[in-house]
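Here is a short tour of a protein model, written for someone who likes to look at side chains. Please have your viewer ready and follow along.

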Amino acid sequence: MATPVESEKQKFRLRRFLSTIILVCTALFICSAVLVITDHKQKFSEWASNDDLKGKRLKTCENMPYGSQTLPRGIVSPTSDLELLPLWGYHQKNYLKKPSKYLLAIAAGIMQKENVNKIVNKFLWSDGCNFVVMLFHYDGLVDGWRDLKWSNKAIHLSAINQTKWWFAKRFLHPDIVSEYEYIFLWDEDLGVNNFDPGSYLTIIKEEGLEISQPALDPSGSEVHHQLTKKQNGSKVHRRIRRKIGGSICDDSSSGPPCSGFVEMMAPVFSKASWRCTWYMIQNDLVQGWGVDYQLGYCAQGDPSKNVGIVDSQYIKHYGIPTLGGSATKIQCLSKQSEERQTVKNWSRIELEIFKDRWKKAAKDDDCWSDPYKQY
């Protein structure tokens, strides 16, 4: 049996042991807490760092195309072109040839095949010009063009009874055609005996014309606006001086139909002016009426200087109605006339719709000021 002294010693040792255990446990708890807090701080720091990096990345990638921010900058290809590429073999070899610099797009039906062939041959065989040719087939008869020598090198798009502007809105996005200096957006019923694409391009570059068209030969052409009629002895004109209807065009006149205007059958756009024009074309208004009167807003400056008619390179506008008629059989004249009148009536309706939209857009946009007022 332990003496009182030994019992006290045992109790003392037990208390010291328990105190040591408590101190060790407390130390372990505190260390664990510190580690947890440190780990969380590190994670929070990493998250904050990631957010900072994300913010910095967004700032440095502001010029990246929308939607491409998750891609490495070097892999982003923001534009394209209409060059045909082979199914085999590295295509870079094909780029040893001169890339095309210009685009000719024509709305075409099989009934105008012979005339379209003449137009395309003029462009393809013009000295010093490299054109991509695109046909908008509104009658769906693509195979009927296969016998032409240039057909396999052209881009063929087909949609039944759709207009040139319907095709242009959907297939000539500015990022796709940005590689081309000028875009010729032509109708099929044009005579090109007195037109040379190379000479025309030289003139519009010298004159600084962002939007232009060849003058219309008054002999044999359907002329809707006096401004686009050929002026004898002139290379280029940008305005007319005469009475038109109830208005008088003189040196003080500004805007259509006196200046800053081209018609819609044979417009030629610089790539900068086309980018603007593409945005103005309405998705649901396919006739294009009304757009011609507002093209000056896309002239990249003063429309009275940057929009013009080239007299020395002129065409004939035959005014042959084909879109909307049957391409598989010849219809009677009365039926053609009836359909043509129907198209014209709807075009006028679209014109009024476009004009109303323009007025409303101009009125409601607090950030927009009319650049025409400065000219």
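## About the model

This is a predicted model, in which local features need pLDDT of at least 70 and side-chain atom pairs count only at pLDDT 80 or more, while totals for chains, interfaces and linings use all residues. Residues are numbered from 1 along each chain as its sequence is written, and side-chain values use heavy atoms, with hydrogens and water left out.

## Aromatic pairs

A pair of aromatic rings is described by the distance of the centres and the angle of the planes. Here, rings of Phe, Tyr and Trp (its six-membered ring) pair if their centres lie within 6.5 Å; planes under 30 degrees apart count as stacked, over 60 as edge-to-face and the rest as tilted. Searching the whole structure turns up 23 aromatic pairs. In one of them, the ring centres of Tyr102 and Phe131 are 5.3 Å apart with the planes at 40 degrees, so this pair is tilted. Because Tyr102 belongs to strand 1 (residues 102–108) and Phe131 to strand 2 (residues 131–137), the pair ties together parts 29 residues apart in sequence. Helices (H or I, at least four residues) and strands (E, at least two) are DSSP runs, numbered from the N terminus.

Are these two residues buried or exposed? Tyr102 is buried at 4% relative accessibility, and Phe131 is buried at 9%. Buried means under 20% relative accessible area, exposed over 50%, and partly exposed in between (1.4 Å probe, protein chains only). Both residues also belong to a cluster that ring pairs build from Tyr102, Phe123, Phe131, Tyr182, Phe184, Trp186, Phe195 and Tyr200.

## Charges over rings

A charge sits over a ring if NZ of Lys or CZ of Arg is within 6 Å of the ring centre and within 35 degrees of the ring normal. The charged end of Lys169 is placed this way over Trp278, 3.8 Å from the ring centre. Lys230 lies over the face of Tyr314, with 4.9 Å to the ring centre.

## Helix 5

## Cysteines

How many disulfides does the whole structure hold? The search finds two, a disulfide being a pair of cysteine sulfur atoms within 2.5 Å. With the bonded cysteines numbered in sequence order, the pairing is 1-2, 3-4. Cys249 and Cys258 have their sulfur atoms 2.0 Å apart, and the S-S torsion of about -70 degrees makes this disulfide left-handed. Cys249 is buried at 2%, as is Cys258 at 7%.

Cys276 is joined to Cys298, with 2.0 Å from S to S; the torsion here is about -65 degrees, so this disulfide is left-handed. The bond links distant parts of the chain, with Cys276 in helix 5 and Cys298 in the loop between helix 5 and helix 6 (303–306), 22 residues apart. Cys276 is partly exposed at 27%, whereas Cys298 is buried at 1%. Elsewhere, Cys129 is buried at 9%, while Cys367 is exposed at 80%.

## His317

His317 is found in strand 11 (residues 307–317) and is buried at 5% relative accessibility. Which residues does His317 touch, not counting residues up to four places away in sequence? Its contacts (heavy atoms within 4.5 Å) are Asp189, Leu190, Leu216, Gly220, Ser221, Glu222, His224 and Met265.
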